[in-house]
Amino acid sequence: MLLSNKIRIMMEEQLRRILLALVLLLVSVVSSFAQPKVACVYSTFLNSAYKSDQTQILASLGWSEDIYENIHIKELVDKLSAYDVVVMNASYNYDNTQDLTVYAKEFRAYIEKGGCLVVTDANYPQHSSWLTSIDPILLWNVAGQGNNVEGKQLPWSNPGHPLLINEKNPTAPWIYPGQTSPYMVPLYKASNGSPVAGVAEIGEGIVVVTSMYHQTGWPTSGFFSNLIKWLKDSSRIAAAKEIVEKSKQQLENLPNLNVPSIDNPPVIDGKVSSGEWDNAAVINSFYDLYGRSDVVQPTKCRIQRTQDDI
């Protein structure tokens, strides 16, 4: 009888463990299918005409949306971690312009931890200039003049990019950026070769910057679907973590360089005279911290110093 009770207790314990494992599995499955949460930012420009730019598209996907006026951006910043994606709608900082550089640190932390920032209508300084305070690779300077092809379909898209799967080219906005970061991957280009949308990875997260907006037919529901898939893709996240770790190692293991002192510095005249750089210290291994990769093009740097100059 005692042995029978022990067996029964062991079976009950094993059953409890199995049930607990099933519950945890169910929670995990449910979490994996949880619909993304999106925050959208707008300004009162034209009587808040662009407040609901993404509402219909997000509703068609079954995603939740919270909307913040730009003057209440602090409320969003305090809750960034609650959102998978933050979208800056058209004219989002045009009226009642806010100094968003104040929140650059919080936005960067949000992105590094796997968040996503989508900046549409990056066609005004108050919409794009603050982005470099998050990271210099987010350079997107406006051209300040029209392009005369507004409404025509963009001629170039980045074939095979995960964000553009099954996507058609949208129409051109009224303006293109005058200067963009070489570290951003172009998604669409105009006929003059200027990027119209670009993407950059920072930490485990993603930033998309574009001159397009809702009225140009972008972003679409397909783009949002591709975005969340790529954002949550385990292989992409693993690769991003490796890049972050390598960048940290590069900073933590900086080499020591013995720079020789010279009495007669070379004349800076565009001519390299025989012997004037023979004793210089040489650096021939470089790592691009912005591009998060080794420098591909062979580069060699020679360094000498005097009492006053390098």
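A residue counts as buried here when its relative accessible area is under 20%. By that rule, the buried residues of helix 7 are Phe223, Phe224, Asn226, Leu227, Ile228, Trp230 and Leu231. The model is predicted. A search of the whole structure finds nine aromatic pairs. The disulfide count is zero.

- Helix 7 has twelve residues.
- From first C-alpha to last, helix 7 reaches 17 Å, close to the 16 Å expected at 1.5 Å a residue.
- Pro219 lies in the loop between strand 10 (205–210) and helix 7 (221–232).
- A cis peptide bond joins Trp218 to Pro219, with omega at about 0 degrees.

**Aromatic pairs**

- A pair of aromatic rings is described by two things: the distance of the centres and the angle of the planes.
- Among the nine pairs found, Trp63 and Phe224 form one that is edge-to-face.
- The centres of Trp63 and Phe224 are 5.9 Å apart, with 65 degrees between the planes.
- This pair links distant parts of the chain, 161 residues apart.
- Trp63 sits in the loop between helix 3 (55–61) and strand 2 (64–69), while Phe224 belongs to helix 7.
- Trp63 has a relative accessible area of 10%, so it counts as buried.
- Phe224 is buried too, because its relative accessibility is 0%.
- Phe107 and Trp130 also form an edge-to-face pair, at 5.3 Å centre to centre and 65 degrees between the planes.
- The pair of Phe107 and Trp130 links distant parts of the chain, 23 residues apart.
- Phe107 is in helix 5 (residues 104–112), and Trp130 is in the loop between helix 6 (125–128) and strand 5 (140–146).
- Phe107 counts as buried because its relative accessibility is 0%.
- Trp130 counts as buried at 3% relative accessibility.
- Ring pairs also build a cluster: Phe45, Tyr50, Tyr94, Tyr124 and Trp174 are linked in this way.

**Charges over rings**

- The charged end of Lys37 sits over the ring of Tyr83, 5.5 Å from the ring centre.
- Lys189 has its charged end over the ring of Trp156, at 4.9 Å from the ring centre.

**Positive phi values**

- Ser48 is not a glycine, yet its phi is positive, at about 60 degrees.
- Ser48 is part of helix 2 (residues 45–48).
- Ser48 is partly exposed, because its relative accessibility is 22%.
- Asn166 is another residue other than glycine with a positive phi, near 60 degrees.
- Asn166 lies in the loop between strand 6 (156–157) and strand 7 (175–180).
- Asn166 has a relative accessibility of 78%, so it counts as exposed.

**Cysteines**

- A disulfide is a covalent bond between the sulfur atoms of two cysteines.
- The model has zero disulfides.
- Cys116 is in no disulfide, and the nearest cysteine sulfur, that of Cys40, is 12 Å away.
- A disulfide would need the two sulfur atoms within 2.5 Å.
- Cys116 counts as buried because its relative accessibility is 0%.
- Cys301 is partly exposed, with a relative accessible area of 28%.

**The second largest pocket**

- Rolling a probe the size of a water molecule over the atoms shows where empty space is left.
- The second largest pocket has a volume of about 320 Å³.
- Its lining is made up of 14 residues.
- Gln250, Leu254, Pro255, Ser285 and Tyr287 are the lining residues nearest the centre of this pocket.
- Helix 8 (residues 234–252) gives the most to the lining, with three residues.

- Thr132 is in the loop between helix 6 and strand 5.
- Thr132 is partly exposed, because its relative accessible area is 33%.
- Thr132 and Ser181 are 49 residues apart along the chain, and their C-alpha atoms are separated by 9.8 Å.

Technical notes
Residues numbered from 1 in each chain as written. Predicted model: local features only at pLDDT ≥ 70, side-chain atom pairs only at ≥ 80, totals over all residues. Heavy atoms only, no water. Helix = DSSP H or I, 4+ residues; strand = E, 2+ residues; numbered from the N terminus. Buried < 20%, exposed > 50% of the residue type's maximum accessible area, 1.4 Å probe, protein only. Phe/Tyr/Trp six-rings, centres within 6.5 Å; stacked < 30°, edge-to-face > 60°. Lys NZ or Arg CZ within 6 Å of the ring centre and 35° of its normal. Expected span 1.5 Å × (residues − 1). 1 Å grid on protein atoms, 1.4 Å probe; cavity = no way out; pocket = protein on both sides within 12 Å on 5 of 7 lines; lining within 4 Å. Points joined across faces, edges and corners; volume = space filled by probe spheres on them.
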